[in-house]
Amino acid sequence: MAKDVILTGLRANSEFHLGNYLGAILPMVELQKKHAGQYQLNMFIPDLHSFTTPIDHGKLYEQTHQNLKVFVAAGLDIDQPDTFIYRQSYIPAHSEMTWILDCFTYFGELSRMTEFKDKSEKQANVSAGLFNYPVLMAADILLYGAKWVPVGDDQRQHVEFTRDLAIRMNNKFGDLFVVPEDNTKQAEFTGRAEPVRIRSLRNPEKKMSKSIDDPAGTIMLSDSPEEAAKKVMEATTDSEASIRFDFEKQPGVSNLLQILALLGGKPQEEINKQWVGKTNYGELKSAVAEAVKNFLADLQAKLAKVDEARLMKKIEADEKAMQKVANTTLLKVQKAVGLRPA
Ligand code: TYM
């Protein structure tokens, strides 16, 4: 029997930040270790997703490769026979499947996507690509029959949408797609109570996002360890003068506790036990700064050692293998909708 598929994608419109790492890369690396041999693991760069908002197109190709290298530096074992890494645009079935899925997606449901609302508010000209983006994401997931899709909190609505769409298509056409599990099961699968949402160090009510919007609040994986430690020491906290893990009332402090737990590979409760009730925020910041500094120094040393030629060989072989899988699903769907003889 085919193995269940775990799949995730990370855009390459800029470098990765700590939120990307803790929300998506680290869970994949952990899942690979935990389930070696039991599952198929797909980790890819959705390069077609990268310009749903304006980017520097001259840098995209190189950025994609840089980010693929980060997967390896972060500990993804690319020698595992069931692990596949690839670039979305090298597998044309993603675009073809998107069009078909588009025609079964409702304008209303895409209009309700929080990410679309947030991002479209910030732009004068909103592209149809930004609106349509969750459908491409659904194609990314459904083409490979992924049951498990580890993502950060901001992407869970898109996974739910994918699930709804798969169920709708299955109801209409019979057993076409593997339906991804719901968000509660997804979170349980990654071993967390909830999907991770790392906050900006400066505006902890908001998620950590690309540095152009919020450089002081975002730790980029390419920041020098000292620079990153300084950002942590200058993080916004509150005037409560007592450490509590409560994102509503103390988002800044809670964010620091969360980062400390995830980077140290410790349960949140253990970290909370150690810190909750203490009054010295400086001490907490120093502990997080030290953890971030060590993490970045280690990651960057590993990144410098990634064998690019070997990585490229792996990507090209995986793209060939995944084209076959994607084309098989596409043909099944083409038959179901009447584009090919049944
Ligand atoms: P993207 O590229 O914006 O982000 C990549 C991953 O990082 C997570 N993430 C965070 N997690 C925690 N805290 C944060 N502050 C934070 N910021 C980002 C995101 O949740 C995501 O898991 N549409 C997706 C990419 C995508 C995809 C897919 C994902 C395309 N196709 C298929 C899964 C399956 C996106 O834009 O993520």
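Buried means under 20% relative accessible area, exposed means over 50%, and partly exposed lies in between (1.4 Å probe, protein chains only). The legends below use these words throughout. This is a predicted model, in which local features need pLDDT of at least 70 and side-chain atom pairs count only at pLDDT 80 or more, while totals for chains, interfaces and linings use all residues. Residues are numbered from 1 along each chain as its sequence is written, and side-chain values use heavy atoms, with hydrogens and water left out.

**View 1. Domain 1 and domain 2 of the protein chain.** Let's start with the whole arrangement. Domain 1 covers 5–191 + 308–337 and domain 2 covers 215–303, with bounds that come from an automatic or database domain assignment. Their centres, taken over C-alpha atoms, are 29 Å apart. Across the boundary, 13 residues of domain 1 are in contact with 12 residues of domain 2, contact being heavy atoms within 4.5 Å.

**View 2. The surface that domain 1 turns to domain 2.** The two domains bury about 1,200 Å² between them, 79% of it on carbon and sulfur atoms; buried area is the accessible area (1.4 Å probe) that two parts lose on being put together, summed over both. L18, L22 and A73 supply 45% of the area that domain 1 buries here, more than any other three residues. Between the domains there are zero salt bridges, a salt bridge being a side-chain nitrogen of Lys or Arg within 4 Å of a carboxyl oxygen of Asp or Glu. Three residue pairs are in polar contact, both residues at pLDDT 80 or more. For that term, a pair of N or O atoms lies within 3.5 Å; within protein, one must be able to donate a hydrogen and the other to accept it, and residues adjacent in sequence count only if both atoms are side-chain atoms. On the domain 1 side, the elements giving two or more residues are α1 (18–34) and α2 (57–73). Helices (H or I, at least four residues) and strands (E, at least two) are DSSP runs, numbered from the N terminus.

**View 3. R168 and E109, a salt bridge between two helices.** The closest N and O atoms of R168 and E109 are 2.7 Å apart. R168 lies in helix α7 (residues 156–173) and E109 in helix α4 (residues 107–111), so the pair ties together parts that are 59 residues apart in sequence. Do look at the two ends: R168 is partly exposed at 21% relative accessibility, whereas E109 is buried at 9%.

View 4. M137 sits in helix α6 (residues 128–142) and is buried at 11% relative accessible area. Not counting residues up to four places away in sequence, M137 touches H49, Q155, H158 and V159.

**View 5. N183 in helix α8.** Helix α8 (residues 183–189) holds N183, which is buried, with a relative accessible area of 11%. Leaving aside neighbours within four places in sequence, N183 is in contact with R156, V159 and E160.
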